[in-house]
2 protein chains.
Amino acid sequence: MDAEGFRKYGRQMVDYIADYLENIRERDVVHRVSPGYMRPLLPDEAPEKAESFDEVMKDIEKIIMPGTTHWHSPHFHGYFAAGNSFPSILGDMLSDAIGCIGFSWATSPACTELEVITTDWLGKMMNLPEEFLHSSEGKGGGVIQSTASETVLLCLLAARTRTVAKYKEADPSTDEMQIISKLVGYCSDQANSSVERSGLLGAVRMVKLLSDENFSLRGETLRKAVEADKAKGLIPFFLCASLGTTGSCAFDNLEELGPICAAEDMWLHIDAAYAGSAFVCPEFRHYMKGIQYAETFSFNPHKWMLINFDCSVMWIKNSSYLVDAFNVDPIYLRHSCEGKLPDYRHWQIPLGRRFRSLKLWFMLRSYGISGVQEYIRRHCRLAKEFEKMILDDGRFEVVTQVVMGLVCFRLKCSNKVTERLLGEILADGRIYLIPAFVRNIYFLRFAICAERTTSDDVKFSFQVIKSCTDRLLQKVSLKNGYKHVPVINIDAPQHLETEESKYSSDSSTPDVDQ
Amino acid sequence: MDAEGFRKYGRQMVDYIADYLENIRERDVVHRVSPGYMRPLLPDEAPEKAESFDEVMKDIEKIIMPGTTHWHSPHFHGYFAAGNSFPSILGDMLSDAIGCIGFSWATSPACTELEVITTDWLGKMMNLPEEFLHSSEGKGGGVIQSTASETVLLCLLAARTRTVAKYKEADPSTDEMQIISKLVGYCSDQANSSVERSGLLGAVRMVKLLSDENFSLRGETLRKAVEADKAKGLIPFFLCASLGTTGSCAFDNLEELGPICAAEDMWLHIDAAYAGSAFVCPEFRHYMKGIQYAETFSFNPHKWMLINFDCSVMWIKNSSYLVDAFNVDPIYLRHSCEGKLPDYRHWQIPLGRRFRSLKLWFMLRSYGISGVQEYIRRHCRLAKEFEKMILDDGRFEVVTQVVMGLVCFRLKCSNKVTERLLGEILADGRIYLIPAFVRNIYFLRFAICAERTTSDDVKFSFQVIKSCTDRLLQKVSLKNGYKHVPVINIDAPQHLETEESKYSSDSSTPDVDQ
């Protein structure tokens with residue numbers, strides 16, 4: 001394909017995308033295919049000779065779309081919002097065309113410098129402590145990673161290295177592996193599964209601590225665990241606190257946890273993958289109280305800030321913990337770039353990197369801070385509208401406080417009945433949502449996801465839920481009765497494990513990072 | 001921006017991209033900015049109010065392009081090719097628009113299924129052993145990762161887990177960390193720095209072994225190292241062999257290394273990041289001999305196969321080593337999808353994933369196997385043309401055999417003179433290349449990078465080098481004389497370290513993964 005061909009098919013693709021997103025409501029939100037549907041539709045081998053791109057364009061509708069779940073449909077309420085916007089797509093187009101591999105400043109300075117500037121912009125929009133900004137005096141700054149899970153692993157490895165170095169300094173004869181074998185990290189039982197996985201990958205213990213009745217990890221719980229582990233001869237070194245958990249958008253209590261981390265010299269990482277976007281609005285910033293104790297903080301603009309995947313932003317106060325730990329370059333290269341600009345290849349796990357700040361820049365300029373705030377607030381307002389409909393109906397209860405764009409609700413019945421309601425809704429197929437199962441309570445998660453979701457869309461979704469409920473409760477009341485198991489003020493739970501997946505099909509595990 | 005706005009600016013962006021790539025020769029290949037150039041051009045904070053996208057479009061030329069190195073210019077000969085093509089860009093546009101987060105089959109089946117099919121297509125194009133394909137009987141298959149460095153880390157961690165499990169099974173009382181502390185992995189002294197870094201991240205020893213006079217790691221060297229380490233009580237568990245090293249496109253000897261890995265039960269990972277693309281041409285496949293011993297194999301279509309970054313494909317024979325090692329899902333979820341389709345979230349470090357197979361599919365159909373072969377062969381032919389010009393000149397020597405799209409050459413002088421030649425070339429600014437420093441020999445790397453590089457482009461680049469050499473040697477012959485230090489048949493080197501960076505500015509470290 002030459003440049004003329006690209007002009008032709010590029011225009012077709014732009015129109016296809018515009019049509020797709022403009023009319024996305026008209027499509028079935030969830031695919032209806034069975035595993036393996038695509039194999040018979042495609043040849044076993046790549047074509048020997050070039051095909052016309054007209055054929056390729058035709059196959060999008062024929063082969064790809066039937067197996068696509070439309071994450072940007074206003075009828076999609078699963079997981080959390082997956083960010084997207086037209087300016088973000090345009091930014092990625094330019095990034096693809098430039099196609100530089102910006103692993104260091106010199107390989108394409110604009111790639112590093114725009115990332116420095118836009119992560120500072122973002123940090124200021126959220127009122128992050130000065131130390132997290134490139135423009136500060138110290139070694140702090142932001143960087144774009146692929147996902148929150150990659151960030152958690154990176155922070156855990158940096159914390160591991162920092163702690164090992166400290167113990168080695170105190171006693172140079174100590175064996176490094178001896179120290180690692182004593183390390184223990186912590187997270188809430190509500191944390192994303194990637195935190196536990198990062199412990200496996202990093203070869204350190206990761207303990208899930210019991211959150212309180214609001215699914216919030218509290219200081220006292222951490223303090224007791226740290227005391228007990230120290231008594232066993234272990235070395236507490238890392239805490240991953242969550243702001244806006246995947247299951248129910250719960251918030252760990254940073255003001256209580258932070259001082260313990262400081263006293264114990266533990267690395268505090270804050271994972272605000274979803275909720276972080278809301279901190280552009282001052283009214284949500286009280287959830288960040290205590291952030292000054294953190295070494296690292298991250299959130300995903302690709303979740304709830306209009307940026308397409310991948311774009312997870314991490315801020316660190318002292319980047320030398322990363323650079324020194326994993327830099328295998330000769331020492332005389334370390335500070336080769338003037339002007340305090342980072343060599344981002346040392347700030348991440350892969351070495352190569354895309355020009356992802358372009359989409360951030362395009363979006364921020366096209367929406368402005370006020371536009372982003374308006375988008376966040378609209379989603380929160382819509383969640384409140386949905387909550388009211390659910391409560392007014394009388395047959396439902398809301399499981400956790402609705403503070404952002406997520407409503408967790410269930411029928412005032414046994415878990416089994418709510419589970420069957422989900423089955424009805426998915427069989428109906430007009431909307432999509434997923435369940436969670438926490439502390440023996442099975443509930444449905446209704447997330448406001450799409451950029452252009454309206455009040456009418458939420459009413460539509462509620463009507464679908466209502467009609468499915470009508471249908472279900474007719475059957476249930478006949479067969480099994482209608483028994484209410486209350487969930488408010490849950491007793492101290494026995495389950496430490498989040499078991500969302502126990503009830504869920506593969507399609508409905510919420511504990512997965514986007 | 002609404003759909004109409006996207007139609008308008010999408011067309012503008014398509015035209016901008018077509019113009020940019022069509023006329024890329026006219027731009028200075030390397031930026032001329034100083035660190036920090038962008039800060040004064042942009043405000044300190046994101047705009048409060050939305051700006052017109054016309055302003056954004058204008059700023060591409062004003063703010064981004066001056067700080068951009070044009071990796072797709074035919075005058076760019078640094079590192080290795082960074083893949084790109086118009087169909088690949090179109091595939092990414094569609095991926096961005098669909099914006100699904102395909103971490104499991106059900107979240108958007110097309111995303112998983114197309115990746116299964118296209119990685120099988122690729123594997124068959126290269127004649128990979130059947131066990132690496134999804135269509136085989138076993139648990140093998142391909143997956144798209146972000147980079148070769150991420151793949152190396154993942155394979156090392158899987159190998160670590162496999163070995164620990166084996167020793168734990170033999171003696172359940174053994175402490176896991178005790179085992180890890182004895183593990184030792186190997187790579188050639190020519191391996192990419194990411195291999196050494198993966199050892200740091202994975203908390204295991206990584207030993208760099210001396211390659212032979214062709215920079216190839218040989219069986220005897222590995223055998224001796226393994227023997228010596230076992231005698232010290234260590235546990236050899238992993239070898240990363242390279243096909244097409246970054247420094248000089250050297251090839252480790254798989255036929256010798258493979259049987260040793262098999263005998264010692266060591267995980268053999270083959271990193272063919274650059275050279276792998278050439279294996280679509282049968283005439284290059286002799287370098288793969290011994291691949292049957294590998295557990296994992298990877299190469300980067302985003303390097304030399306017309307795909308824009310990121311797209312690094314990894315194949316594994318037995319995916320359960322990954323899935324079982326790092327799967328924190330409950331066990332009853334593990335095989336929830338029929339039809340032997342993978343849950344790719346367990347095959348990688350991040351959990352979320354983009355629909356990257358679209359660009360692979362678009363490219364393969366638009367070029368066909370024959371088109372990809374023609375592209376590879378053209379690059380190899382151009383490298384040979386350049387080699388001939390260099391040798392015919394009489395003042396240069398070629399350091400390593402030219403087998404693919406890379407020519408390593410130097411002046412028949414001291415290292416210092418070739419280093420000064422690079423200085424002349426970079427100051428001239430019409431072309432871009434980078435140096436390497438291996439075994440005390442400083443040389444320049446001339447890589448054929450851009451898709452549409454022609455014979456005329458190579459002649460142009462040679463003329464630039466020639467005129468810079470003329471200029472330099474006039475100065476040198478007057479001042480320092482012209483002393484030839486021969487490099488052919490280098491004596492057994494004392495340096496185990498590759499020290500490319502000793503002579504290089506930050507811009508010219510070749511040992512970086514794209």
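Student: Hi! In what order do the 4 strands of the open sheet in chain A come?

Tutor: Hello! This is a predicted model, and in it the order is S8-S9-S11-S10, with antiparallel pairing.

Student: Which strands stand at the edges?

Tutor: Those are S8 (396-398) and S10 (434-438) of chain A. Each has a single partner strand, so one side of each is left without a neighbour in the sheet.

Student: And how many degrees does the twist average from one strand to the next?

Tutor: The average is 40 degrees.

Student: Let's zoom in on S9 and S11 of chain A. Over how many bridges do they pair?

Tutor: S9 (residues 406-411) and S11 (residues 441-447) of chain A are joined over 4 bridges, in the antiparallel sense. If you want a spot to look at, find A:Val407, which has A:Phe446 of S11(A) opposite it.

Student: Which helix packs on the sheet?

Tutor: That is H13 of chain A, residues 415-428. H13 touches S8, S9, S10 and S11 of chain A, and its direction makes about 35 degrees with that of S11(A).

Student: New topic: helices. At what angle do H3 and H12 of chain A pack?

Tutor: H3(A) and H12(A), residues 357-393, pack at about 150 degrees, and their axes are 7 Å apart. That angle makes the two roughly antiparallel.

Student: Is their crossing left-handed or right-handed?

Tutor: The crossing of H3(A) and H12(A) is right-handed.

Student: Which residues make that contact?

Tutor: From H3(A), they include A:Pro87, A:Leu90 and A:Asp92, while A:Lys359 and A:Phe362 are among those from H12(A). By class, this contact has 8 nonpolar, 4 polar and 2 charged residues.

Student: Which helix of chain B does H3(A) pack with?

Tutor: H3(A), residues 86-98, packs with H1 of chain B, residues 3-22. Their angle is about 5 degrees and their axes are 10 Å apart, which means H3(A) is roughly parallel to H1(B).

Student: How do the residues of that contact divide by class?

Tutor: There are 16 nonpolar, 1 polar and no charged residues between H3(A) and H1(B). Among them are A:Phe86 and A:Met93 on the H3(A) side, and B:Phe6, B:Gly10 and B:Tyr20 on the H1(B) side.

Notes:
Residues numbered from 1 in each chain as written. Chains lettered and ligands numbered in written order. Predicted model: local features only at pLDDT ≥ 70, side-chain atom pairs only at ≥ 80, totals over all residues. Heavy atoms only, no water. Axes fitted to C-alpha atoms, helices over the stretch in contact; angles between N-to-C directions. Parallel < 35°, antiparallel > 145°, perpendicular 65-115°, else oblique. Contact = heavy atoms within 4.5 Å. Nonpolar A, V, L, I, M, F, W, Y, C, P; charged D, E, K, R; others polar. Left-handed = near helix turned anticlockwise from the far one by under 90°. Pairing = 2+ DSSP bridges.
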